[in-house]
Structures are given as structure tokens and as C-alpha cells.
Amino acid sequence: MKKKILTILLAAILSQFVSPACAQSKKDAEAAQRKLQIAEYAIANLYVDSVDETKLVEDAIRGMLEKLDPHSSYSSPKEVKQMNEPLQGNFEGIGIQFNIVEDTLLVIQTVSGGPSEKMGILAGDRIVSVNDSSIAGIKMAREEIVRRLRGPKGTKVLLGVMRPGIADKLSFTITRDKIPLHTIDATYMLRPTIGYIRIGSFGATTHEEFRESLKQLLAQGMQTLVLDLQENGGGYLHAAVEVANELLHNGDLIVYTDGRSARRSEYKATGGGLFTEGKVVVLVDSYTASAAEIVSGAIQDHDRGIIIGRRTFGKGLVQRPLDLPDGSMIRLTIAHYYTPSGRCIQKPYEKGKGKDYAMDVVNRLKSGELMSADSVHFVDSLKYYTLKEHRVVYGGGGIMPDEFVPLDTTKFSHFYRELAAKSILINQNLRWTDSHRKQLKAKYSTFADFREHFEIPQDLINAIIKEGEKQKVVPKDDAELQQTLPYLRRQLKALIARDLWTMNEYFDIINEQSDIVQRALQIIKE
């Protein structure tokens, strides 16, 4: 009886899709859809154990997409929200930058003009409770702490705060508000007449931020722009187009997309850019991807500037977001990105082999590509020419820089990498900075004074080495220790500058030891 009922129900499902007038290709597609629906129905109703149908369908979607290209993907409603926040330019919360030290939330900085700053929260404060629930000393996950601090604009949250020098716990009632998320990490004058802008990602506010950064640097006498796109994983296409528009001339093609079903779409500079005549240098590495590669490729193809660094990631696939009724989303690849000369940015891949694709950067390191440009081999059939000076460039796998800078693997010893990986470096630095914040502020009233005169004290180095010994992270010999110390001191000084000021000051210090930045300065000078 049960089998008969199932047969009737399956027949009913099949009948919904029967359409004799359809073309053969449509019939094939409908047959595949029926097959999938029957399989889901059978599992949900006949399988020996109970199943979560929502998860079953999600797993089926993920399984289908995994057999396609590496960038087609499915995101749950929660994942969609988390993914969109950094690109949309704001979230709703209390406005602090923090880190977790010994199971306690330590405020590193408050967002300028944000709700926490307005209510008197200070760098160095420890938030120990949220709405009378303790968050300190109980090993609460960082994600859970963030969830408790964030909330809709206009809602209130009660914070319990311990402040150095004050014995009693302080209470602050903070009204949550929209908190801006900046996509530009740093803007400062690298040298007289040489401005520096580092874009971390391309989001909804990037163009506005970029224009403000350009205005700020032009007011300080910038004649050459160093645009740092290292480790920039991309973001919104329109943001990349708008940034490129500030540097290119009216009518210059920035990028075009083309696909089997998606018609060719061209994006051109519309004129009115703030920096269309000065020199441009773009810094890239193997993690520069997608929207960042669009900007790099446009600058290179129009001979507008010089690209310095290492071959970029090679992400040239266009995803179209398809919103599903429950708030989840499919990002389906529908086209390729092409630079103005016609190069396809996308590197080769095999469908369904996402793990191999993800290991590409590691494989570049193993093959020696990151240490020598001679290890990169391009196919003659993928040879293209820049549009003004007719220089040879290649497609089929990222943007190859005009000036290659090898990766210096000697800078990061195994000892240093272990200290960083186990958070020994960052945690000891936070403790030391927190306990010396007042003295540092009093002694160094300006960043220029700090940069010129501050040296990392030996007691901080000793604390890091001692903690490393506790966690069995030790140098193999004195030679490795001596190799580690110069970069360790530079990194610590940059982190302390960040905690006392902003990310501008962090990059001001760390860039003085960046091979790519220093090569850019050398080329500009020459």
C-alpha cells in the first residue's frame, strides 16, 4: 500500500514538468530537474533515519557547484550577511577595535566619532561583561563576543569595564549605531612628492575613500602615487572601475566581461579623474585578485603606470548573485574578465578540483616562481600588447608585473613564523603596550618623534622568548635567533604605532622593510 502511494506521489511530481511542446534541450533539462526532485523526495520520505531537508537541499546545491569552477558557490542566510558586511561599508554595533588577551576583551582603538568613543570608552579598557553577563575568563568564542556587542542601530547595551588604575568596575550604557568599515588601510606621504595609498578591498565606499585620500595627498604635494594592492582579494566590480577612472583618461577601456549567455559588457573611464597625469606605481603580489587585478591590468595595458611585485592570483571569473527565498544565495559564474588589450585574467583550472586550485599559491612557492621571474612560463598564443607603447604582456593567469621582486624567504625564519602563528608575538605586544600606554603617550607626543627615537626594549623581546619557551617555540640555534630579531623588532614597533595611532603609522614603519615598496622607491628615483 505504502509503495502504491509513493508511486502515485512520484507520478504527480513528474507530471508537473511534462511539456510535449518543449525543445529537446529543454526536455533534457526538465528530466534532470525531475530526477533531482525525486531523489530528494525519496530520501526525505523513505530513508531509514530522519533527515534535515533544508540541509539536504543545501548540500545538494553545494555539491553541484563544487563540480563547476572554483568560484561558483552557495552561501547560507547567515553566511550572506557576514559576507556582505565588509563590502557594504558599515555594520551596526558599538564601534571598537579589540583583541582577546588571556580570555579578556582588550580595547585597542575606538572608532572615531563612534558610540563607544562618545561615551568615554578608552584604548586599554577591558570589557568584562555585556548586559550583566560575564565574557571574561570563560573562554568565550570571539564570534559569540561579537554577536553580543553588535545589534540594531538604536538599541542599548550595558558594558562592564575594568580600567587600568581604577579598582572598581565601570559601567557604560552604549547606544548602538552604524559603524563605518573602511576599505583603505593607509594613506600617507611615503617620501616628499610620493604619496602612498593601500586599498585592502573594493567595497561600496572605496571610491569615496580613494578620492578623499587623493585629495589629501595632492594637498601635500604628491606627484607620484604608489597604489598598494598587495593582499587585496578584490570585491565589487564597480568600485574597481571607479578607482581606475580616477587614474585613466576619458574613454579609456577599463575592463570588459564576456560569457556564453552574458553578452559583452564594456566599462570605460568617464573622465574627471583626480590623478590622470601624475606617475602611478601599482604594487601587487600573489594574493592580489579579482577587482584588484582589473585595476592593475587597466593601468598596465594603457601604459599608465608600472606594476611592481609578483604575479597576481588570476581570478577573472564574473559571479552573478542569485538570491534565494530564504535569504541564502548562489554566486554563479557567468562570464570572464578581460583587460583592455583582450587578456583573460583567469588562471587555468580543472572543473571539480577546487583543492588543487586553492593550492596554487603554495605550488608557486614550491616551484620557485616567487623567487624568480624565470620560473613563469607563458604561452605565445596568449601574447598581447599594451595599447600605447606596444609592450608584450601575457594573458591566461593573473597580471605579471613589469618589475619582478623576488620573495625573501630568509626574512621570516621558522622561529618567527611559529611565534606569529601561535599569537605569542601579538599577545605579548598587546600586554606590553597596554601596561606602557600612558608612558609612551607622554614621551612621544607625535608619531614623527616615536618613529625617529623609539626602540623596542629588551624586556619585551625577553617576554616573547620566555613565552615561546613555555609553548615549546624556540630557535634552533643562536644564528636563527639573530636572523629573527631585526624583523621582529620592526614588526613590534609597527604594531605599537598602530595601537597608539592608526594603520597609517603601522604601514609607515613596516613599509621601510618591504622589498616591494623599497623597489618601487628605487624605480621612482631612477
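A residue is called buried when its relative accessible area is under 20%, exposed when over 50%, and partly exposed in between, with a 1.4 Å probe and protein chains only. The structure is a predicted model, in which local features need pLDDT of at least 70, side-chain atom pairs count only at pLDDT 80 or more, and totals for chains, interfaces and linings use all residues. Residues are numbered from 1 along each chain as its sequence is written, and side-chain values use heavy atoms, with hydrogens and water left out.

Thr-288 has 0% relative accessibility, so Thr-288 counts as buried. This residue sits in the loop between strand 15 (279-284) and helix 9 (291-301). Helices (H or I, at least four residues) and strands (E, at least two) are DSSP runs, numbered from the N terminus. A polar atom of the Thr-288 side chain lies 2.8 Å from the backbone oxygen of Leu-229. Contact means heavy atoms within 4.5 Å. With neighbours within four places in sequence left aside, Thr-288 is in contact with Leu-229, Gln-230, Glu-231, Asn-232, Glu-293, Thr-312 and Phe-313.

Helix 12 spans residues 414-421, and its buried residues are Phe-415, Tyr-416 and Leu-419. They cover an arc of only 100° around the axis, so they lie on the same side of helix 12. The arc is that of the directions from the helix axis to the C-beta atoms. These buried residues pack against helix 13 (424-443), helix 15 (458-470) and helix 16 (478-500). Just after helix 12, Ser-423 takes a positive phi of about 60°.

On a 1 Å grid over the protein atoms alone, a cavity is a set of points where a 1.4 Å probe fits but cannot get out; a pocket is an open set with protein on both sides within 12 Å along at least five of seven lines; lining residues have an atom within 4 Å of a point. The second largest pocket has a volume of about 1000 Å³. Its lining has 33 residues, and Glu-231, Asp-285, Arg-310, Leu-407 and Phe-412 lie nearest its centre. Helix 11 (360-367), helix 12, helix 16, helix 17 (503-510) and helix 18 (515-525) each supply at least two residues of this lining.

The count comes to 1 cavity of 30 Å³ or more. The largest cavity holds about 30 Å³ of space. Ile-100, Asp-103, Thr-104, Leu-105, Ile-135, Lys-139, Met-140 and Ile-145 line the largest cavity.

Terms used. Polar contact = N/O pair within 3.5 Å; in protein donor to acceptor, adjacent residues only side chain to side chain. Points joined across faces, edges and corners; volume = space filled by probe spheres on them.
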